[in-house]
Amino acid sequence: MRPDADDFRAIAFYLGRIFLVVAVAGILPLGWAAIGREWGPFSSFLLMIGVYGVLGAAMVRVCPEEQRLDWGHGMVVVATTWLLVPLVGAIPFVLSGHFVSPLDAYFDAMSGITTTGLTLVQDLDHLAPSLNFWRHLLHFLGGQGIIIAALVMFAGGGAMTLYYGEARDDLVLPSVRSTARFIWSAAIVHLVLGLALLGTLAWVVLGFSWQRSLFHALMLLFAAFDTGGFSPQSTSVGYYHSAIFELGVAVFMVAGALSFGVHFALWRGPRRELLENLEMRTIIASFLGTLAVTAVGLGALGLYGSAVGLGRQAYFQVLSAHSGTGFATVPSAELARWGGLAFGGMALAMALGGMASSTAGGVKALRVGLTIRAIADEIRGVLLPHGAVIDRTYHQFQRRQLTDQLAKSVMTASLLYVALYLLGTGVALAYGVPLQAALFESVSAAANVGLSVGVTDATMPALLKVVYIAQMWMGRLEFVAVFAMVGFLWSIVRGK
Amino acid sequence: MARLLAAVSVAVIVAGIAGPAMAQAVVPARDLIENPANLDGDVVTVEGELIGDYGFRSDGTMWTQLNDDSYARRPLVDGGPRTGANVGIGIRMPARLAEDLDPPGGYRVRGPLVQATGVWRYHDPARGGESYLEVTELVVVESGRALDEGARPVPLIAGALLVLVAAWTFLSYRKVRDRL
């Protein structure tokens, strides 16, 4: 069926509400710019808020009655939101003069909101603090979920659809709205703890002024807890030259990679869930495995003169890759020299990603764990005598059945990620990028990591920028909403 | 006469070879980033802008970043050309060398342009594998200066108008909704 006016009204109504929420969020950088007397950025934030506001108000005005949102409409709202919010959010970047083209500005806005962290910004070290704040706030909005924010403010008939469309899994609490509130509460608690911890470390250990300590702490916290990867200085976390500070940042990278279900278990119990949870076990095993592979690879390359140096650099980079954060303590030129096993370990860590229903990207530990479990069950079925009963249950907050349907769906999603990784690799190869670098950068974009070996640069071809933007978008939404949107567009064109 | 000419020639050649070594040639920071092992342990001089923060630590040292890119001479805010991402290295020096420095570079400041001379340490085992320049001599080439971006009237006016339109549209929506 070709969509009719009611379909468009329903989509516009929810899109409008979300735009209004982002317009309100835009007041934060506007206020920052006003307090800091940064009048250039102030005017661009005002323009951005105006555009969000007009779009949002016009959309809800078109359809003043609250609409019921069916599954397909909800998915289209989510996919469109994640395309349009960064488009308007890129306005301050375009006007700042720190980007070569509007496409580059959109690239960074998409990278910010999808918590990727790849960047095309020029002269970051002279960027206005309010613009830096906006880059990192995009991480926070995207990581916690813009839709979740909208749900907290006004739940509607389509709350459930919107919640799942943003690549979230089970509800932590009985209703979507209470779950959304919990997610934002967890974020606020981490924000306060992070400001206290990282701010104190920056002030006491690094010797920064207290104002700059708070600034660095806030930026890094947004990027770490939301596994984003932007940083306030061009040399990322390598800027701080402190193992203790890196450890403090790592705490919040780990917190960001954990699902909100695990956060809930940590807060309210039962804490034994952490030991029994399939996804928790999988992510610990895959982190230790990729860390070992990377460390052995670095040892073989002979890049580090001491075990402590090798261990520190391997640990931070692998944690950054696996959690999908994208911080680095080594320059991208050096990361490009991590060949052989070190490259393999890093690429695998990025590809696997963090936990489902966390702010991390990648295939996700739950899918990896279930895929391994399904394959193991198949092998067991072949080896055991005919008629033997195989226990096909697993523990994920409760005892669950690993059905054939579930196994098929997790394997399909995993294969889609592999296809997405190969898409970007193929395009970069076509432009003459060496295979290792092409693969690394593509996985980094699609798994929303943000580590770079130098391919991501303002001088790279426009098509490659567009492909990376698409990868970040699809990787963040985990395909379903994207497919629903493509189907919707197809039905407009074909009428069915 | 021939001997005198020969002696002068030898002296000129020797001075030509030894001169640059004694004067300590300036190494681009990009060389240290792209080929860091080549100069490991060597005394080098890098020229650039001190930027970000001055981190005075309890061990009597000060850490900061030295950017050696086009923005170090002319930042974007100051109308400089876009030439790519920043290129910088971490530097550490005794705190006393940093006592009278102008504030480090940032949004409102082009930090002091300096020539920093010291030992390039690549993956220093004593610092957990970090790479940085251990500065022993710092010469300020150019003082820091204030930068001013200024307001942008067109986005400011357009933004204010759009916000008013949005507010009016939203209020009219509320009225319609309340009537329904």
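Residues are numbered from 1 along each chain as its sequence is written, and chains are lettered from A and ligands numbered from 1 in the order in which they are written. The model is predicted: local features need pLDDT of at least 70, side-chain atom pairs count only at pLDDT 80 or more, and totals for chains, interfaces and linings use all residues.

Trainee: What radius of gyration does chain A have?

Mentor: The radius is taken over C-alpha atoms, and the globule rule is 2.2 Å times the number of residues to the power 0.38. For 496 residues, a compact globule would therefore have a value near 23 Å, and chain A agrees with 22 Å.

Trainee: What percentage of the residues in chain A is buried?

Mentor: A residue is buried if 20 or more other C-beta atoms, placed from the backbone, lie within 10 Å of its own. Among the 496 residues of chain A, the buried share is 60%.

Trainee: Which residues does A79(A) touch, leaving out those up to four places away in sequence?

Mentor: Contact requires C-beta atoms, placed from the backbone, within 7 Å. By that rule, A79(A) touches L477(A), A481(A), V482(A), A484(A) and M485(A).

Trainee: How far apart are the end C-alpha atoms of helix α4 of chain B?

Mentor: Helices are DSSP runs (H or I, at least four residues), numbered from the N terminus. The expected span is 1.5 Å times one less than the number of residues. Because α4 (residues 153-179) has 27 residues, it should span 39 Å, and the distance between its ends agrees: 39 Å.

Trainee: Which helices of chain A are included in what covers the buried residues of α4(B)?

Mentor: Those buried residues are P155(B), G159(B), L162(B), A166(B), T169(B) and Y173(B). Their cover includes, from chain A, α3 (39-62) and α5 (91-96).

Terms used: Buried ≥ 20, exposed ≤ 12 C-beta atoms within 10 Å, placed from the backbone. Contact = placed C-beta atoms within 7 Å. Helix = DSSP H or I, 4+ residues; strand = E, 2+ residues; numbered from the N terminus.
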